[in-house]
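Me: I have a model open and a few things to ask about it. Can we go through them one by one?

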Amino acid sequence: MAGPAPAKRRGDTVGKRNTTSARVVALVVDHDDAAIVAGLRDGERWAEAALYDRYARRVACVLSRLIGHDPRLEVEDLLQEAFVRILDGIDSLDDADKLTGWVRTIAARTGYRAIRRQRVRRMVRFWEPTDLDELGRDDSDDGPEQQQTYRRTYEILARMPAAERTVLTLRYVEEMSLGEVAETLEMSLATVKRRIRRAKSRFETLAAHDPVMQQWLADQGREEGGDG
Amino acid sequence: MADPTRLSDLGRVLREEADARVQPEMIQRARRDFLERGREPRRNARGPLLAVAALAVAVVLVVIAWPRSPEPGLLAFEVGSPPRTGVVGEWLAAPVDGAVPMTFSEGTQLELEPQSRLRVREVRSDGAQVVLEKGTLRADVVPTDQGQPSWLFEAGPFSVAVKGTSFSTSWDPATDTFAIAMKEGRVVVQGPVLETPRELVGGDRLRVSVADRHVQLSRGTPPEAEAASPPATEARVESPSGEDADEEPADAEPAASATATAKTSWRERARAGDYRAAMEQLDDGRFGALVTGSSQADLFFLADAARFGGRPDRAKSALLSARKRFGSSRAAFLLGKVAADQLRSPAEASQWFQIYVREAPSGALAEQAWGRLLELSRGGDPERVRALAQEYLSRFPNGGHAPLARQLVGP
């Protein structure tokens, strides 16, 4: 490259300093979870970017599956909250090979906390702009059948206690094992099993009164050849 | 009891729909917010990484920008002495015993101080975006004819937008401290602790400690000392309650003397700390035009001047405009403050703080907003107050309002 043309230089304002040849560090290519974890512990910004780029979609999907169709919760906000929690807790990760599972756990806990906060907000009667209140919309707005099922299910889930809603979602939507659910929510296995039983019962009761869910359940029964 | 097979099938449906709602654009927006967020100091931070270690293994993936050469029409730059061609995206680290000069094709000169590290993230035809990862950078930016700043410097979570100026800036990730010393020209600085973007001119020095939520601002003759050092005029800005670390300029000078020329603008009066005079100067009818036509940064500046100048009605107008035109959540927070502190309207204040925590649950002002809500709730329904206090403690167990929250939760 030809030398730059200093057409508008305003004097040697940076001063005449002794300079030496630059030692240029070009950081390229590969990384692994261990390197990312080490970088995060050292406060390296590249590691934060690498962590985000590797796990953002996974974390967003966990959050989306947990909070579903709730106009009062935004995956985008929770995404940042989850990654901040990951950074804050990185020193507690004792094995870098477990980073993937640990990130998933933090994501789920972030979603659970958000659901619990929503319950508190309803209790304290926060003012909510009416343009965000999509609950109880006209059926004709629901769209294709699968989307209807999605919306109705999360509307039902939103009426359940936060813990029951979350164990049910982690078990059947996120497809966690009972042990993983227990670890994520920091409950005993017995507690998880008990909560899932109650959650299923409550969900069934609520779904029985929803025409869309009744139809879905009936269709499922016919497909299985059973009587529902 | 609900059939687990059906629940699994239902789970599959929900999973598909939920995943389909995760859009790439949203992930990119959140990425920017995450990487540019105000950073709280990590308890077990191990300190700054040594610059330029001769590592045998390259372990970093830079996804933001692979090293690439500038396209035709874009600025080119050279690095070091003797100079070599600079590459966009490439990390540059200055050794322990020397600085690294950089020269851009339009004449802008940078100098990376010893043990500092930066990269040029992006170049344009009239400017560039530079990320100062650690240390100190001196800059002599060639002015442009464009209305908007053409250069952007990022130092940690802070950004410095530049049109043409000479300054030095530094960022210390170990202490989360940002500093900038202006020689001449004009820049706009944004970042954590600073409630509103700060415009600085020649002679100004700004130092922000994110960890301490502490801002030092001094205005004076062009500095000679290092930007990272404490400025010669130690002007502390602290709020005892921990709110608004940037509540008032530290160097608020006495009211303009009677000999001040009549041509002194309202903006200059506000900069000098004479907010009342600045507001009086706008009694000629210009205030309305400023509210409808100013940029977001100027609206915040106008709102601050009005707040400090005893004109909460005008502050509210400016902030409502920022809200309406730019969707600013920060404006919602400030509207809450105006309502609570100056308009004595707790119900309105509570609504604005609620809006803020809903829109920006992880925002830089979230702890303050929740704390203000707690204060405003006192004397109300005990169940509500207790729930609020518990919510505050779950989010901010060590926050400034934690003692109050524990008191309200009770035994």
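Me: Which residues is A:Thr110 in contact with, leaving aside its neighbours within four places in sequence?
Reply: This is a predicted model. In it, A:Thr110 is in contact with A:Leu63, A:Leu78, A:Glu81, A:Ala82 and A:Arg85, once neighbours within four places in sequence are left aside.

Me: And where is A:Thr110 placed?
Reply: A:Thr110 sits in helix H4 of chain A, which covers residues 99–124.

Me: Buried or exposed? I mean A:Thr110.
Reply: Buried. The relative accessible area of A:Thr110 is 0%, and the cut-off for buried is under 20%.

Me: What lies 2.8 Å from a polar atom of the A:Thr110 side chain?
Reply: The backbone oxygen of A:Ile106.

Me: Changing topic to H6(A). Which of its residues are buried?
Reply: A:Ala162, A:Ala163, A:Glu164, A:Arg165, A:Thr166, A:Val167, A:Leu168, A:Thr169, A:Leu170 and A:Tyr172. That is ten of the eleven residues in helix H6 (residues 162–172), so the helix is largely enclosed by the rest of the structure.

Me: At what angle do the axes of H6(A) and H7(A) cross?
Reply: Roughly 135°, and the axes come within 10 Å; H7 covers residues 178–185 of chain A. The angle makes H6(A) oblique to H7(A). The crossing is right-handed.

Me: Which residues meet there, between H6(A) and H7(A)?
Reply: From H6(A), A:Thr166, A:Val167, A:Leu170 and A:Arg171; from H7(A), A:Leu178, A:Val181, A:Thr184 and A:Leu185.

Me: How many of those are nonpolar, polar and charged?
Reply: The contact of H6(A) with H7(A) has five nonpolar residues, two polar and one charged.

Note on methods
Residues are numbered from 1 along each chain as its sequence is written. Chains are lettered from A and ligands numbered from 1 in the order in which they are written. This is a predicted model: local features need pLDDT of at least 70, side-chain atom pairs count only at pLDDT 80 or more; totals for chains, interfaces and linings use all residues. Side-chain values use heavy atoms; hydrogens and water are left out. Buried means under 20% relative accessible area, exposed over 50%, partly exposed in between (1.4 Å probe, protein chains only). Helices (H or I, at least four residues) and strands (E, at least two) are DSSP runs, numbered from the N terminus. A polar contact is a pair of N or O atoms within 3.5 Å; within protein, one must be able to donate a hydrogen and the other to accept it, and residues adjacent in sequence count only if both atoms are side-chain atoms. Contact means heavy atoms within 4.5 Å. Axes are lines fitted to C-alpha atoms, for helices over the stretch in contact, and angles run from 0 to 180 degrees between N-to-C directions. Angles under 35 degrees count as roughly parallel, over 145 as roughly antiparallel, 65 to 115 as roughly perpendicular and the rest as oblique. A crossing is left-handed if the near helix is turned anticlockwise from the far one by less than a right angle, and right-handed if clockwise. Ala, Val, Leu, Ile, Met, Phe, Trp, Tyr, Cys and Pro count as nonpolar, Asp, Glu, Lys and Arg as charged, and the others, Gly among them, as polar.
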